[in-house]
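Here is a guided look at one protein model, written to be read alongside the structure.

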Amino acid sequence: MFISRELRRENICEYLLYMWEVEALLRYYDLDETRIQKEYVAAFPYEVQLQEREWLFTMARRMKAEGLMKKGHLKANNEVLYMLEDYHHDLLSSGKYPHYTELYNRALPYLLSLRKKGLKDMHEIEICFSALFQVMFKRIKKEQMDSNTNLLIESVRDLVKELAFTYRTEGIDAQQAGAPTK
């Protein structure tokens, strides 16, 4: 919970990936509150256990209510994803962000390749997040990745990193802080 709060403020893209990671963690425990408490929350320092437990239990209940026991993302997380997708298109169509457009053009062949490999129904930014999320789990499992996968991830990571930076400095977060906007 504390991490998510800070990430949401500092890096919206890392926040979304973190929230997907928490969803996966809760699924690992079958959204079972007893298991989440005994096998996960109990490892936290005592002073944060209550808040962490309540946050995780609330997420697990929402996932159950939204029918997300096996796959999918919470509506709130999807809303962040859709907002980032809209922001991505705004950046590209404005003509004011040549660096972002350059990074997008560098990532585009990989995005098209991923779309052909089964991510057909996803928008570009969702493809980026899905690729980053899958690679995160490959790294956890210590699976080897070929050089093409490494190039793909590098270009996608750079695009998402710039999306997060621009969002924070010139996008919605900046508007809320009263900073100049695009």
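Predicted model: local features only at pLDDT ≥ 70, side-chain atom pairs only at ≥ 80, totals over all residues.

**The nonpolar core**

Let us start inside. The largest nonpolar core has 55 residues, and the members that touch the most others are Ile-12, Cys-13, Leu-26, Ile-36, Leu-84, Phe-129 and Leu-163. At least two residues of this core come from each of helix H2 (12-28), helix H4 (46-65), helix H5 (75-94), helix H6 (98-116), helix H7 (124-140) and helix H8 (147-170). H2 gives the largest share, with 10 residues.

Leaving aside residues up to four places away in sequence, Ile-12 touches Leu-7, Val-80, Met-83, Leu-84 and Tyr-167.

**H2 against H5**

How do the axes of H2 and H5 pack, in angle and distance? The angle is about 150 degrees, and the axes are 10 Å apart. Angles over 145 degrees count as roughly antiparallel, so H2 is roughly antiparallel to H5. The crossing of these two helices is left-handed.

**Aromatic rings**

Next come the rings. A pair of aromatic rings is described by the distance of the centres and the angle of the planes. The model has seven aromatic pairs. In one of them, Tyr-87 with Tyr-167, the ring centres are 5.5 Å apart and the planes stand at 90 degrees, so the pair is edge-to-face. This pair links distant parts of the chain, with Tyr-87 in helix H5 and Tyr-167 in helix H8, 80 residues apart. Tyr-87 is buried at 4% relative accessibility, and Tyr-167 is buried with a relative accessible area of 4%. Tyr-167 is also one of the residues that Ile-12 touches.

Elsewhere among the rings, Trp-20, Phe-129, Phe-133 and Phe-137 are linked into a cluster by ring pairs.

**Leu-103 in H6**

Leu-103 sits in helix H6. Is this residue buried or exposed? With a relative accessible area of 6%, Leu-103 is buried. Its contacts, not counting residues up to four places away in sequence, are Asp-158, Leu-159 and Glu-162.

**Two positive phi values**

Finally, have a look at the loops. Asp-30 is in the loop between H2 and helix H3 (33-39), and Lys-142 is in the loop between H7 and H8. Neither is a glycine, yet Asp-30 has a positive phi, and so does Lys-142. Residues over 50% relative accessible area count as exposed, which covers Asp-30 and Lys-142. The table puts their values side by side.

| Residue | Phi | Relative accessible area |
|---|---|---|
| Asp-30 | about 55 degrees | 53% |
| Lys-142 | about 60 degrees | 70% |

Technical notes. Residues numbered from 1 in each chain as written. Heavy atoms only, no water. Core = buried A, V, L, I, M, F, W, Y, C linked by side-chain atoms within 4.5 Å. Buried < 20%, exposed > 50% of the residue type's maximum accessible area, 1.4 Å probe, protein only. Helix = DSSP H or I, 4+ residues; strand = E, 2+ residues; numbered from the N terminus. Contact = heavy atoms within 4.5 Å. Phe/Tyr/Trp six-rings, centres within 6.5 Å; stacked < 30°, edge-to-face > 60°. Axes fitted to C-alpha atoms, helices over the stretch in contact; angles between N-to-C directions. Parallel < 35°, antiparallel > 145°, perpendicular 65-115°, else oblique. Left-handed = near helix turned anticlockwise from the far one by under 90°.
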